[in-house]
Amino acid sequence: MTRYFSRRLVLSLITLWLLATIVFVITNMLPSDVARTILGPFAPQESVDALNQRLGTDRPLIVQYVDQIRKLVTLDFGDSFVSQRAVLPQILDAVGRSAKLAGLALLITIPISIAAGVFAATRRDRKIDRGIVLLGVTSSSIPEFITGTILVVVVGVQLKLLPVLATPPPNADVPTQIRYLLMPAVAMAIVYFGYIARMARAGTIEVLGSDYIRTATMKGLSTTQTMRRHVLRNALIPTVAVIAVQIGYLFGGIIAVEKIFNYNGMGATMLFAAQHKDLPMLTAGVIVIGIVYMVATLGADMITAWMNPRIRLDADR
Amino acid sequence: MIDVTVTPESIAAGPVGPTQTSERSVARRETIKLLLRRPAFIIGNIIVIGWIICAVLGTRITPYDPFNDFGVGHQPPSAEHLFGTDRLGRDVLSRVMVGARDVLIIAPLAALFGVVAGTTLGLIMGFYRGAVDDVLSRIVEAFLALPVILVALLALVVLGTSPIVVIFVVGILFTPIVARTVRSAVLSERQLDYVTAARLRGESGWFILSREIFPNVLGPTVVEMTVRFGYAIFTVATLSFLGVGLQPPSPDWGLSVSEEYSNMIGGIWWSTLFPALAIASTVVAVNLIADSLQSVLNE
């Protein structure tokens, strides 16, 4: 297990280095002049030069690249162009607030979609299965901000059931916070329902067709017993991986949802940075989300290895 | 008397032309028949074709001028304005109809870019294996860790916002995802006998790749193209909503939602809801088509 873990960890670190390189390439893709991008086309050349010098963007690319990697290793992403304060604490605060929203969304979507997927698999090709598959395709294809908009119109404005803005009053207790976060969380939960349910369904169908399930049925286990003891554990292995991948996407979709519900998390921070061309903030944001994704997939790999001894034993051999 | 009329069917059925092509066309006809039996495929196509008609005919079929007809702002839906009017008094129905145009040009081009680049990469990775595959696989993995919307945001800030840049950025971000799908399809094809036969005939690697393997991974590629098209609409709409996609005065749906959503709280829901529903209907329709193709072509 340790060997398996350390190998996955090394691969993750390589991926992280490549990710930082890709981000560096993107920000330097054009013969673009960072200060010119910030100041606009009408700024005099002297101010552009002065700003470039202050930002360090007038140095040779290789020096800047080494600098970027050093920032990644020391987790010091420099100061924001706008607030002049260190970028990382601001991003971590924002990630924390977004994590509340994302966590609630996952808490809603994971049990419902796994239940729906497994249920659909046991009723394969019947009407209810077709219905769940169709619902999954529909729900996962609609962007979060569209679902959010429709929810605001129906639940918030017409029915007046839930607050239309997600930011709770200061010092609100947990139930109030959940009440405020519920609508944006549901908007996100709907998108992930499709992916997770589809995976749970596919995994269950595959396991149901296997020999050991036939054995279990033939030795006289009831359907509930077979499901609980033999099917679920194996069927949910691919689902765990999908959930981990979704955590990365979650932080992409959250930007639009936070805008609709006026919530001050990662999305709002990134949008503000984009509007003000705050490149250190955006770069750090992409890399931090990359790290979150990496940790999530690493965690998923660990859970998968724990659920399926074949994987960890293979790796140890 | 002998009837000598020759029906088209008798020609088609006769031993004319090489059998290989007729076998292939029979298979193709069979696939189309299977697809047409799926209600999801038909409904998806009707919706997409409807939006394409709106995009092509544009202002010729809209009830009002979507750009220059400034009436009374924020009128609720009525017999005169079925979807109401927006903040500048423009007819929402007309703008929603014309709003199909930009996204239906940008999204397919972005998807095409991603699929062409991704398929090429996937073919090379899967066929040549070895060090090239190892290095490219690592890079693909790193790309998959990138949050698409956030990276697009970063790239559009650096490069400036224009439709070409949106196509380019979204296409590049889709490339590794397509490459991974095509790679795994190639991996299972390259062990088959027909590839060995071509090798023994002494065909070049490039010939085997383009003439032998590629036609056999066309199914997953077509599916991937449709799936990517759906995601491209999803992504472009989200980027427009975030203000880095299409720019005013485009009647683009995502942009319209972005311009109007703050009025929802005041009860003015029509100017946001209808463009939102237009996006929803299009992405759902494309995904219904993709899903049908997937189950028919990959069965």
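Predicted model: local features only at pLDDT ≥ 70, side-chain atom pairs only at ≥ 80, totals over all residues.
A residue is buried if 20 or more other C-beta atoms lie within 10 Å of its own, exposed if 12 or fewer, and partly exposed in between.

**Entry 1**

I looked up A:Asp125 and found a phi near 65°, positive although the residue is not a glycine. A:Asp125 sits in the loop between helix H5 (87–122) and H6 of chain A. Is A:Asp125 buried or exposed? With 9 C-beta neighbours inside 10 Å, A:Asp125 counts as exposed, because the limit for that class is 12 or fewer.

Next I checked A:Lys277, another non-glycine with a positive phi, near 50°. A:Lys277 belongs to the loop between H12 and H13 of chain A. I counted 18 other C-beta atoms within 10 Å, so A:Lys277 goes down as partly exposed.

**Entry 1: a cis peptide in chain B**

I found a cis peptide bond between B:Pro248 and B:Pro249, with omega about 5°. B:Pro249 is in the loop that runs between helix H11 (218–241) and helix H12 (253–260) of chain B.

**Entry 2: where A touches B**

How many residues does each chain put into the contact? I get 45 residues from chain A and 42 residues from chain B. On the chain A side, the elements giving two or more residues include helix H1 (2–27), helix H6 (127–141) and helix H13 (279–307). H11(A) has the largest share of that side, with nine residues. By class, I have 31 nonpolar, twelve polar and two charged residues on the side of chain A that touches chain B.

I picked H1(A) and helix H6 (residues 130–144) of chain B, which pack at an angle of about 70° with their axes 8 Å apart. That angle makes H1(A) roughly perpendicular to H6(B). From H1(A), I listed A:Ile14, A:Thr15, A:Leu18, A:Leu19 and A:Ile22; they meet B:Arg138, B:Ile139, B:Glu141, B:Ala142 and B:Phe143 in H6(B). The residues of this contact split into seven nonpolar, one polar and two charged.

**Entry 3: the nonpolar core**

I looked for the largest nonpolar core and got one of 170 residues. Which residues have the most contacts inside it? They are B:Ala152, B:Leu153 and B:Val236. Helix H8 (residues 174–208) of chain A gives this core its largest share, 18 residues.

I then followed B:Val236 beyond its neighbours within four places in sequence. Its partners there include B:Val103, B:Ile106, B:Ala107 and B:Ala110, along with B:Val166 and B:Val170. B:Gly245 and B:Gly254 are also in contact with B:Val236.

How values were computed
Residues numbered from 1 in each chain as written. Chains lettered and ligands numbered in written order. Contact = placed C-beta atoms within 7 Å. Helix = DSSP H or I, 4+ residues; strand = E, 2+ residues; numbered from the N terminus. Nonpolar A, V, L, I, M, F, W, Y, C, P; charged D, E, K, R; others polar. Core = buried A, V, L, I, M, F, W, Y, C linked by C-beta atoms within 7 Å. Axes fitted to C-alpha atoms, helices over the stretch in contact; angles between N-to-C directions. Parallel < 35°, antiparallel > 145°, perpendicular 65-115°, else oblique.
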